[in-house]
Structure formats: structure tokens, C-alpha cells
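This briefing is meant to be read beside the sequence and the model. Please keep both in view while going through the points below.

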Amino acid sequence: VFLLANFGLLAINAWEMIIRLWPLLLIAIGLDIAVGHRSTLWSFAGLLILIALLAGTLWLYGLRQQGGFLSTPKQINQPLEGATRAKVEVQLPLGSIRFGSLSQGKDLLQGTVQLGRNEQFHVDYSVENGVGMYLLRSSGSMLFDLPTRNDDHWQWDLKCNATIPLDLNISLGAGISYLDLHDLAVNTFEVDMGVGETTVALRKGIEYQGKIDGAIGQTLILIPRGMAVRINTGLTHVQVPEDFQRLDDVYTSPGYDGASARVNIEVSQAIGIIRIRYVEK
């Protein structure tokens, strides 16, 4: 599965597929105990059964692509209601999130969410002392709703007000998250990912803190050239630009010590890879 996904031959995201198809692992163990050691013929029969089960799952995925498991997209529109700063939290068990900025308007957040057939979303919002507390969460997702990185119908496409200070928290059990912080007045951000891919495009010219937690998967951090950033990564395999300096598990960009606006990010990931890349923007 990993090889097929890496070569672009499999539309389903490999991390999501593995976490969603865990019942097949139990079936494989059961088949191995029941027939795996009897003879080559029985082992071959067990393999055919597993292939048939996997093919059936992919067929279910094809049905979902045609709209069989998806509801119509839901629009989200949350006015500021007097908030001058905000704390935004998004909780999604499975799926894909794309988070960006609103170019204009008086709303705190706008967006579109695509839900599974049995899935619902819930919104809680309150304003206290000028701080807007916004929580968007999902419940009731289906086992075989398999989002992909190219499936725009699945995306939770959310955009937040770019003019007010923001504390952002994204929690995703399994899937793909993309945070575009280029235009957001972010104070802090946190991404909590169980299994999947996380991409964060950083903003240059302001000072803020970030934290990225992941169990299994890959993390991509996009850094504008000339930005002062320090990243603490732990023990995970890390790929960084050649001009970054390393001290133990801490990587710093050129000119960090003398910069007036510095960004500090802590990345914790048990299994996988962390990539840090320059972008021109």
C-alpha cells in the first residue's frame, strides 16, 4: 500500500487507508491461524480471501467517490459578534482539513464542510471580554469513508478572519491537514494528528509559537526565505535546508539570533518523517 501510494498509483491516502482498514488485520491473523500452516494450497486460498476483501473495500471507496456515502456540502458562517481576538478549535476524527484566511469581511470564520452519510458537525461559539471562543467538531463518521488528498468533495475548507489575533488548534484523528498561515494574525497554533499528513505554511514578519504532534505520518513545514524560525523536532527523521544550523534536535534558520520577529515550533512525531522546505512566498 505504501509503495503504491508513493508512486502515485493509489488514489487513497496510505495512512488513512491503514487506520481505517484495521479490521482486515484481525481477519488476516484469523486466517493465518486457521489455514496458514496447513499447506501451500490453504495459504494461497487465505491470500485470495484477503485480496477479495481488499477489492471489496476499494469497490466501496469507488461507490463513495460517486456520491453514495456523501451528503451535500454544508456552509459555515460565523459572525464576529464583537470579538476582537479569537480562539478557534477544530476537531475531526477522520478526514481532510484545509485552513486559510478570509481576505475581507466581518465574519470570524467561513467555510464548507463535506460530511459522510452518517456524520454531523457541531458548532459552539461564545464571546467573553472581547475573546471569541469557537469550537467546530464532527461526530458519527463512517469506517469506509476514505478521503484522498485530491478529493475536494471531502475537504473541510475553512477560512478565518485575518485581521484579529488568533489562537488556532486543529485536532485530527487520521487524515490530511493543510494550514496556510501566510496572512493570519496568529499568536499560537497547534496541530494534533494521530495518523496522516500535516502541512503548515508559516507566516513571515510576526512572532508566534507553534506545536505539531503526530503519532504516525509525515510533517511538511514551508518557510518563506529570510524567515527566522527555530524548530525542535525530537527523534524523528528530519530533512532541512542546507543552511539551517543544528544543535542536538534543534534546527534554526540563518539569522535567527539577531532577528526581531522569531517563530518557535515544537514538533513531536513518533514514526515518520519531518520535512522543512523553503518557499518563495
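The model is predicted, and its protein chain contains four helices and 14 strands. Of the 281 residues in the chain, 43% count as buried, and among contacts between residues at least 6 apart in sequence, 63% join residues that are at least 24 apart. The chain exposes about 14,400 Å², of which carbon and sulfur atoms supply 55%.

**Nonpolar core**

- The largest nonpolar core has 48 residues, and the members that touch the most other members are Val 88, Phe 99, Leu 108, Phe 189 and Leu 202. Strand β2 (residues 85–102) gives this core its largest share, namely six residues.
- When residues up to four places away in sequence are not counted, Phe 99 touches a set of residues that includes Val 88, Leu 109, Leu 158, Cys 160 and Leu 168. Also among the residues touched by Phe 99 are Ile 170, Tyr 178, Leu 179, Asp 180 and Leu 184.

**A buried glutamine**

- Gln 269 has its place in strand β14 (residues 262–279), and it counts as buried because its relative accessibility is 9%, where the cut-off is under 20%.
- The side chain of Gln 269 makes a polar contact with the side chain of Thr 219 at 2.8 Å, and a polar atom of the Gln 269 side chain also lies 3.3 Å from the backbone oxygen of Ile 273.

**Surface and loops**

- Phe 44, Leu 47, Leu 48 and Ile 51 make a nonpolar surface patch of about 380 Å². Of these, Ile 51 lies in helix α4 (residues 40–65) and is partly exposed, with a relative accessible area of 47%.
- Glu 81, a residue other than glycine, has a positive phi near 55 degrees; it is found in the loop between β1 (74–79) and β2, and at 54% relative accessibility it counts as exposed.
- Asn 129 likewise has a positive phi, near 55 degrees, in a residue other than glycine. Its position is the loop between β4 (120–128) and β5 (131–139), where it counts as exposed at 77% relative accessibility.

**Salt bridges**

- Side chains of opposite charge can pair when their charged atoms come close. In this model the count comes to five salt bridges, and three of them are described here, beginning with the pair formed by Asp 167 and Arg 85, whose closest N and O atoms are 2.7 Å apart.
- Asp 167 lies in strand β7 (residues 166–180) and Arg 85 in strand β2, so this pair ties together parts of the chain that are 82 residues apart in sequence. Asp 167 is buried, with a relative accessible area of 14%, whereas Arg 85 is partly exposed at 30%.
- Arg 225 and Glu 280 meet through their side chains in a salt bridge with an N to O distance of 3.2 Å. This pair links distant parts of the chain, 55 residues apart, with Arg 225 in the loop between β9 (208–224) and β10 (228–232) and Glu 280 in the segment after β14. Arg 225 counts as partly exposed at 45% relative accessibility, while Glu 280 is exposed, with a relative accessible area of 67%.
- Arg 246 and Asp 249 also meet in a salt bridge, at 3.9 Å from N to O. Here Arg 246 is exposed, with a relative accessible area of 58%, and Asp 249 counts as partly exposed at 25% relative accessibility.

Notes
Residues are numbered from 1 along each chain as its sequence is written. This is a predicted model: local features need pLDDT of at least 70, side-chain atom pairs count only at pLDDT 80 or more; totals for chains, interfaces and linings use all residues. Side-chain values use heavy atoms; hydrogens and water are left out. Helices (H or I, at least four residues) and strands (E, at least two) are DSSP runs, numbered from the N terminus. Buried means under 20% relative accessible area, exposed over 50%, partly exposed in between (1.4 Å probe, protein chains only). A polar contact is a pair of N or O atoms within 3.5 Å; within protein, one must be able to donate a hydrogen and the other to accept it, and residues adjacent in sequence count only if both atoms are side-chain atoms. A nonpolar core is a set of buried Ala, Val, Leu, Ile, Met, Phe, Trp, Tyr and Cys residues joined through side-chain atoms within 4.5 Å. Contact means heavy atoms within 4.5 Å. Accessible areas come from the Shrake-Rupley method with a 1.4 Å probe; for residues, only the protein chains shown count as cover. Patches are made of residues with over 30% relative accessible area and no salt bridge: like charges are joined within 9 Å, nonpolar side chains (Val, Leu, Ile, Met, Phe, Trp, Tyr) within 5 Å. A salt bridge is a side-chain nitrogen of Lys or Arg within 4 Å of a carboxyl oxygen of Asp or Glu.
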